[in-house]
Amino acid sequence: MAVGTTRSTAYDGTSYTRGGTVDRADVGALVQSAADGDAAAWKSLVDGLGPLVWSVARSHGLSDADAHEVYQTAWFRFAQNLGRIREPEKTGSWLASTARHECLKLLKASRRWTPTDDPQLLDRPSDDRTPEESVLDSEEAAAQTERVRLLWQEFEELGERCRQLLRVLISSPPPSYQEVSAALGIAVGSIGPMRQRCLRRLRARLEARGTK
Amino acid sequence: MSDLNDEYDEYDERDGQDERAYDERDGELHDGLLEEELREAAAILDPVPAGLRRVAVDAFALHDLEARVAELTFDSLVDAIPVRGESDPPRMLTFSTDGVTVDVEVTADGMIGQLLPPGPAGIEVLSGPRTHTRLTADDMGRFTGEAPPAGPFALRLRTGREVVVTEWLRA
């Protein structure tokens with residue numbers, strides 16, 4: 001398993017970069033190309049930043065339908081403002097922040113009309129089968145499947161805050177801390193220490209189950 | 001974020017001692033590996049649904065160089081004080097851009113709106129990159145229509161002088 005995000009310095013929250021920021025280096029140029037009418041650049045943005053937007057929707061404990069709407073609203077609004085965004089290289093943060101505000105609004109709306117908690121959500125199998133999922137279904141991969149399921153189960157049983165932070169951090173490619181900050185409304189400097197504690201909590205849970 | 005800290009304190013007390021002795025680099029390597037493993041699990045068990053990704057790809061068609069964007073400047077859901085006893089009040093929205101304001105009121109029964117300055121306009125009710133319905137604002141800038149369909153929507157208004165599109169949002 002590849003190590004994608006090894007850090008080189010301590011947790012000061014500013015002096016190191018995550019692997020993702022390398023992947024994000026092109027974002028400004030892609031936004032410019034898309035604004036000039038390049039549909040392929042737009043598609044690259046959807047693939048590069050879509051999982052981050054999705055993770056924001058998923059991390060806020062919305063219903064399935066609401067998560068879909070948040071994702072769509074963020075992209076529709078981005079398309080609408082393409083060419084008008086002041087700092088195109090920060091589009092990831094812009095999308096994450098837009099998604100967050102929509103999440104908070106939908107949560108407020110649903111509190112008005114229906115109970116907020118949706119216990120079904122966490123157990124929901126994903127809509128679409130990925131190629132990876134199909135591979136995992138094969139016999140020889142059964143042990144790996146089990147490992148992934150256990151890991152996910154323990155992740156979902158973490159406290160809400162840890163689950164929320166980690167869900168955004170583990171979007172793919174890895175988001176920058178600025179994007180995580182925009183996604184969750186927390187200070188960049190607190191992300192590193194929180195991440196460390198949450199991951200160690202998760203490891204402790206896995207160890208308790210004898211799976212690590 | 002005090003509740004956040006509460007969640008971690010318990011953990012700290014349990015092994016705060018060990019943590020200091022813990023080799024930082026080793027710990028960081030482990031954290032990175034576990035995070036990467038979780039990232040793979042998320043990609044398998046909770047990916048962006050394929051249909052939703054397609055909607056985002058198609059949304060490129062919403063890039064509209066002709067139109068000015070009218071931003072949401074009032075939303076009763078956020079800005080209004082709830083009226084006691086009213087369990088399902090209408091959603092009041094105001095969108096503004098230089099010199100043009102669009103007031104919209106959405107209920108389960110339908111949508112009514114007012115364009116300012118008053119005047120006739122052709123209106124498209126957009127509900128995604130591919131679908132829309134048409135309305136007309138009368139000489140006084142008034143328009144009525146069915147409630148927007150589920151999901152995010154936007155109004156694209158063509159007045160005599162210009163094209164204005166409202167910020168996307170869910171009604």
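Author: Let us begin with helix axes, which are lines fitted to C-alpha atoms, for helices over the stretch in contact, with angles running from 0 to 180 degrees between N-to-C directions. Helices (H or I, at least four residues) and strands (E, at least two) are DSSP runs, numbered from the N terminus. The model is a predicted one, in which local features need pLDDT of at least 70 and side-chain atom pairs count only at pLDDT 80 or more, while totals for chains, interfaces and linings use all residues. Residues are numbered from 1 along each chain as its sequence is written, and chains are lettered from A and ligands numbered from 1 in the order in which they are written.

Reader: How many helices and strands are there in chain A, and how many in chain B?

Author: Chain A has 11 helices and zero strands. Chain B, by contrast, holds four helices and 10 strands, and its elements run α-α-α-β-α-β-β-β-β-β-β-β-β-β from the N terminus.

Reader: At what angle do the axes of α11(A) and α2(B) cross?

Author: Two packed helices are described by the angle between their axes and the distance between the axes. Helix α11 of chain A (residues 188-208) and α2(B) have axes that come within 10 Å and cross at roughly 75 degrees. Angles under 35 degrees count as roughly parallel, over 145 as roughly antiparallel, 65 to 115 as roughly perpendicular and the rest as oblique. The two helices, α11(A) and α2(B), are therefore roughly perpendicular to each other.

Reader: Which residues of α11(A) and α2(B) meet?

Author: Two residues are in contact if their C-beta atoms, placed from the backbone, lie within 7 Å. From α11(A) come A:Q196, A:L199, A:L202 and A:R203, which meet B:D31, B:L34 and B:E35 of α2(B). This contact has three nonpolar, one polar and three charged residues; here Ala, Val, Leu, Ile, Met, Phe, Trp, Tyr, Cys and Pro count as nonpolar, Asp, Glu, Lys and Arg as charged, and the others, Gly among them, as polar.

Reader: How many residues of chain B are in contact with chain A?

Author: In chain B, 46 residues are in contact with 56 residues of chain A. The elements of chain B that each supply at least two residues to this side are α1 (2-21), α2 (24-45), α3 (50-58), α4 (76-79) and β10 (169-170). Of these, α2(B) gives the most, with 16 residues. By class, the side of chain B that touches chain A divides into 31 nonpolar, three polar and 12 charged residues.

Reader: How do the axes of α2(A) and α3(A) cross?

Author: The axes of α2(A) (residues 27-35) and α3(A) (residues 39-59) come within 7 Å and cross at roughly 135 degrees. That angle makes α2(A) oblique to α3(A). Their crossing is left-handed; a crossing has this hand if the near helix is turned anticlockwise from the far one by less than a right angle, and is right-handed if clockwise. In α2(A), A:L30, A:V31, A:S33 and A:A34 meet A:A41, A:W42, A:S44 and A:L45 in α3(A). The residues of this contact comprise six nonpolar, two polar and no charged.

Reader: Which residues of α9(A) are buried?

Author: A residue is buried if 20 or more other C-beta atoms lie within 10 Å of its own, exposed if 12 or fewer, and partly exposed in between, with C-beta atoms placed from the backbone. Helix α9(A) is mostly covered, since eight of its 10 residues are buried: A:R161, A:C162, A:Q164, A:L165, A:L166, A:R167, A:V168 and A:L169. Over whole chains, 42% of the 212 residues of chain A count as buried, and 29% of the 171 residues of chain B.

Reader: Is A:E157 buried or exposed?

Author: A:E157 lies in the loop between α8 (142-156) and α9 (160-169) of chain A. Because A:E157 has 12 C-beta neighbours inside 10 Å, it counts as exposed. A:A204, in helix α11 of chain A, is partly exposed, with 15 other C-beta atoms within 10 Å.

Reader: In which sense do β1(B) and β9(B) pair?

Author: Two strands pair if DSSP finds at least two bridges between them. Strand β1 of chain B (residues 68-75) pairs with β9(B) (residues 163-166) in the parallel sense over three bridges, and B:V69 stands opposite B:V165 in β9(B). With β2(B) (residues 91-97), β1(B) pairs in the antiparallel sense over four bridges; there B:D75 stands opposite B:L93 in β2(B).
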